[in-house]
Amino acid sequence: MNLTLKIWRQKGPKDKGQMVDYQVSDISEHMSFLEMMDVLNEELIARGEEPVAFDHDCREGICGMCSMFINGEAHGPDRGITTCQLHMRMFKDGDTITIEPFRAKAFPVIKDLVVDRSSFDRIQHAGGYISVNTSGNTQDANALPIAKEAADKAMDAATCIGCGACVATCKNASAMLFVGAKVSQYALLPQGQVEAADRVLAMVNQMDEEGFGNCTNTGACEIECPKGISLENIARMNSEFLKASLKG
Amino acid sequence: MAILDSKVPQGVPLKDKWTTYKDKINLVNPANKRLIDVIVVGTGLAGGSASATLAELGYNVKAFAYQDSPRRAHSIAAQGGINAAKNYQGDGDSFYRLFYDTVKGGDYRSREANVYRLAEVSANIIDQCVAQGVPFARDYGGLLDNRSFGGVLVSRTFYAKGQTGQQLLLGAYSAMNRQIARGKIEMFNRHEMLDIVIVDGKARGIIARNLVTGEIERHSAHAVVIASGGYGNVYFLSTNAMGSNATAAWKIHKKGAFFANPCYTQIHPTCIPRSGDYQSKLTLMSESLRNDGRIWVPKKMEDVLAIREGKLKPTQIEEEDRDYYLERRYPAFGNLVPRDVASRAAKERCDAGYGVNATGEAVYLDFKSAIERYGKEQAKIQGISNASKERITELGEKIVEAKYGNLFQMYEKIVDEDPYKTPMMIYPATHYTMGGIWVDYNLMTTIPGCYAIGEANFSDHGANRLGASALMQGLADGYFVLPYTIGDYLADDIRTGKISTDTKEFDEAEKSVRERIDFFINNKGEHSVDYYHKKLGKIMWEKCGMSRNEEGLKTAMSEIKALREDFWKNVTVPGGKDEMNPELEKAGRVADFLELGELFAKDALERNESCGGHFREESVELDGMQKGEAKRDDENYAYVAAWEYKGEPGDAVLHKEELEFKDIELKQRSYK
């Protein structure tokens with residue numbers, strides 16, 4: 001198929017940036033979206049132009065690196081996937097596709113479609129861990145039975161890949177789904193209880209400091225999340241936060 | 001330096017070696033640890049866990065990742081699980097049995113003492129990860145659940161759905177975060193190590209490029225740990241992440257670290273088949289699927305052709321017309337034979353013309369009987385009498401979904417077919433590299449003060465890696481082995497003081513890094529980096545892939561050399577050097593692969609035996625029970641091939657570490 005691509009080009013963080021049109025032809029429906037971008041980039045290099053910078057790595061939907069905003073949707077027009085899992089069979093011959101970076105104050109653009117998501121890391125530094133020594137002198141793992149339901153729920157929350165689709169898709173650029181998932185994982189497990197109150201306060205505080213917006217219960221984040229992280233996690237974080245605030 | 005000293009403790013029984021060793025090594029007093037800096041390159045399972053533990057111990061850690069966050073390291077993509085000899089299932093597991101399975105599975109090409117240590121600390125890894133909040137699967141009693149994996153007769157694999165690597169990595173990442181918050185780890189994201197700096201014969205720092213600004217930086221330390229993963233991307237198409245590269249490992253090789261067994265590559269049997277030339281990478285489907293999936297191709301050639309033409313669906317082929325070739329050839333292990341055996345058997349069937357997709361490179365992985373079996377079991381559990389066929393299928397699908405749901409979803413997204421309803425198509429692909437930097441028992445390379453851990457080193461897996469053992473080795477090295485052994489070396493460095501970066505050694509290393517970057521930016525040739533990478537990949541897959549022969553390997557060596565020469569004349573790299581430039585990053589990595597590929601072929605040529613994932617066509621069993629199977633040659637090849645760099649890869653000099661097997665009798669592997 002032949003396609004028109006409208007792509008955000010921005011040389012560096014301080015550059016103004018603009019949409020630029022490109023044509024690609026003979027795109028197979030079996031290609032992934034990123035493979036289509038590879039084809040474009042090879043053509044640009046052959047023409048002596050600079051290829052489009054975009055983030056990607058594992059290309060199997062798990063590293064959370066790829067991050068395009070395609071036709072107004074994070075990771076494009078399919079549910080439950082990342083951009084690398086998006087296939088060209090979702091498009092048809094003659095389509096025009098708009099490709100932009102994830103836009104949020106807390107995700108500054110580095111170049112073209114590449115954004116800086118280190119704010120997510122800093123939220124984790126603030127408390128996204130259990131304070132256990134890594135010396136290996138821990139108790140036997142089965143000495144701490146955990147109900148299957150709790151373990152499964154914690155696993156569901158822990159499935160978050162930190163891609164930032166929730167932020168990109170939220171009208172407030174809120175990170176509540178991401179932070180909610182992290183808080184939930186530890187709140188659901190017995191190991192995380194001791195410092196649960198400090199953790200949620202610190203992480204929420206850091207989230208605010210990074211410039212993420214607030215949650216207004218629109219729920220777009222849940223719909224666009226490639227890993228199906230549920231809004232329940234935001235509710236759990238709010239309740240954990242309330243509990244911790246009252247305690248404090 | 002020509003003599004390889006494995007430093008395996010002598011005069012103690014195998015099971016006591018690690019304990020005795022730990023009792024005797026030098027320790028660094030906590031106050032002195034604060035005076036010591038350690039650089040860790042790579043922050044996957046091995047580098048992440050090492051960084052966290054070294055920081056926990058009190059060292060100042062500088063950790064480097066080419067991604068934007070340690071959480072994205074490719075360890076995250078490991079699906080199936082992690083082995084540990086906990087014997088929670090009471091099915092007869094023990095340290096010895098895990099050790100035995102690993103040495104045997106590696107075709108007796110790994111170091112006994114290292115593997116025993118790995119088995120010993122494996123149990124501890126699970127305790128550690130659970131304490132960190134890793135949500136492993138549980139049974140209804142709240143205890144940890146286990147499953148079994150290819151090549152093994154006990155259930156010792158711990159898992160977190162099909163995302164075990166992800167959860168273990170996030171565990172290590174969270175441990176790192178705690179140390180970053182404490183200021184004990186200084187994290188350098190989006191940085192790539194481009195050279196090592198050696199002062200007075202010791203590793204004392206690295207030259208790194210900031211991938212955002214292009215700035216070339218000098219970083220010093222008392223020791224350097226390489227945890228940069230494997231080199232599977234030498235094949236261009238592999239299951240590795242796109243950015244996985246060999247640069248850090250290759251750079252230390254060029255500065256004196258011997259590179260061991262480069263030809264040992266694991267070809268993973270259960271990947272999604274290739275669909276076209278544009279393809280950028282291959283996707284693995286966890287091997288755990290082989291617990292419940294049965295592998296087959298049609299028995300009749302007319303069925304194969306009808307399937308390829310779309311006239312027949314696999315579900316329409318009767319049971320008696322299916323060739324469950326693994327169950328037929330290897331009745332003892334069936335669909336759970338080790339990866340190399342499963343891979344070669346698939347290739348054999350496809351080469352014989354029985355491949356079921358358009359390219360003729362695919363076999364079926366079928367869940368129909370598992371769905372039926374689970375469905376019937378569920379009907380019984382739930383007390384549903386006379387359950388209809390549809391109801392049984394529905395119940396069975398639910399169980400299969402709970403076990404492998406994310407994998408099935410991934411498959412459906414890529415192939416656009418529902419694997420619950422129609423068998424998956426799979427084909428082998430390059431996955432894990434067992435070869436890597438040679439290290440001694442301390443995990444130190446032949447450069448004093450330079451260590452290599454995880455997939456970056458050669459140890460533990462021998463010529464083949466069993467399922468669920470990569471995660472185990474990464475975390476064992478990082479959490480429990482290196483943090484001890486490095487202390488033994490650093491104990492001599494407590495009076496050294498801060499290492500200056502303002503020396504001629506740093507000047508020289510930085511200069512050569514800059515020259516290379518300038519070359520790429522200014523060359524303005526006619527071919528892109530990917531053009532060369534794809535060509536290299538094709539040579540590697542065709543001549544250094546699942547099966548190899550002398551003639552092919554010789555041709556590969558000369559073709560790679562010629563390709564490399566052309567690369568240095570005709571490569572083009574757009575963009576500038578003082579900015580984010582993904583093409584420039586790729587150029588440096590492919591330049592290294594173009595050297596490593598030749599050494600790979602040279603090593604394969606030299607090893608005239610079939611072993612592990614490496615099938616040498618000249619070395620095959622001619623008769624008896626094992627007729628047609630790979631033939632290992634213990635008399636002549638029971639050694640580690642460690643290559644010393646001498647300029648051109650073709651001129652590398654071979655050093656042999658003879659392997660001793662005192663506790664295990666070398667036996668032919670038989671899965672019949």
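Across the interface of chain B and chain A of this predicted model, nine salt bridges are found, a salt bridge being a side-chain nitrogen of Lys or Arg within 4 Å of a carboxyl oxygen of Asp or Glu. One of the salt bridges in the structure joins Asp140(A) to Lys86(B), with the closest N and O atoms 2.8 Å apart. Between chain B and chain A there are also 45 residue pairs in polar contact, both residues at pLDDT 80 or more; a polar contact is a pair of N or O atoms within 3.5 Å, where within protein one must be able to donate a hydrogen and the other to accept it, and residues adjacent in sequence count only if both atoms are side-chain atoms.

On the side of chain B that touches chain A, the elements giving two or more residues include helix 3 (45-57), helix 6 (164-181) and helix 17 (582-606) of chain B. Helices (H or I, at least four residues) are DSSP runs, numbered from the N terminus. Helix 6 of chain B supplies the largest share of this side, ten residues. By class, the side has 33 nonpolar, 28 polar and 17 charged residues, where Ala, Val, Leu, Ile, Met, Phe, Trp, Tyr, Cys and Pro count as nonpolar, Asp, Glu, Lys and Arg as charged, and the others, Gly among them, as polar.

The contact (heavy atoms within 4.5 Å) takes 78 residues from chain B and 70 residues from chain A. The two chains bury about 6000 Å² between them, 52% of it on carbon and sulfur atoms; buried area is the accessible area (1.4 Å probe) lost on putting two parts together, summed over both.

Over all chains, the structure holds 84 salt bridges. Lys254(B) and Glu595(B) form one of them, their closest N and O atoms being 2.9 Å apart. This pair links distant parts of the chain, 341 residues apart: Lys254(B) lies in helix 7 (residues 247-254) and Glu595(B) in helix 17 of chain B.

Within chain B, the axes of helix 14 (residues 504-523) and helix 16 (residues 550-570) come within 8 Å and cross at roughly 70°; axes are lines fitted to C-alpha atoms, for helices over the stretch in contact, and angles run from 0 to 180 degrees between N-to-C directions. Helix 14 of chain B is therefore roughly perpendicular to helix 16 of chain B, a term covering 65 to 115 degrees. Among the residues making this contact are Phe519(B) of helix 14 and Trp568(B) of helix 16.

Residues are numbered from 1 along each chain as its sequence is written, while chains are lettered from A and ligands numbered from 1 in the order in which they are written. Local features need pLDDT of at least 70, side-chain atom pairs count only at pLDDT 80 or more, and totals for chains, interfaces and linings use all residues, with side-chain values using heavy atoms and leaving out hydrogens and water.

Technical notes:
Parallel < 35°, antiparallel > 145°, perpendicular 65-115°, else oblique.
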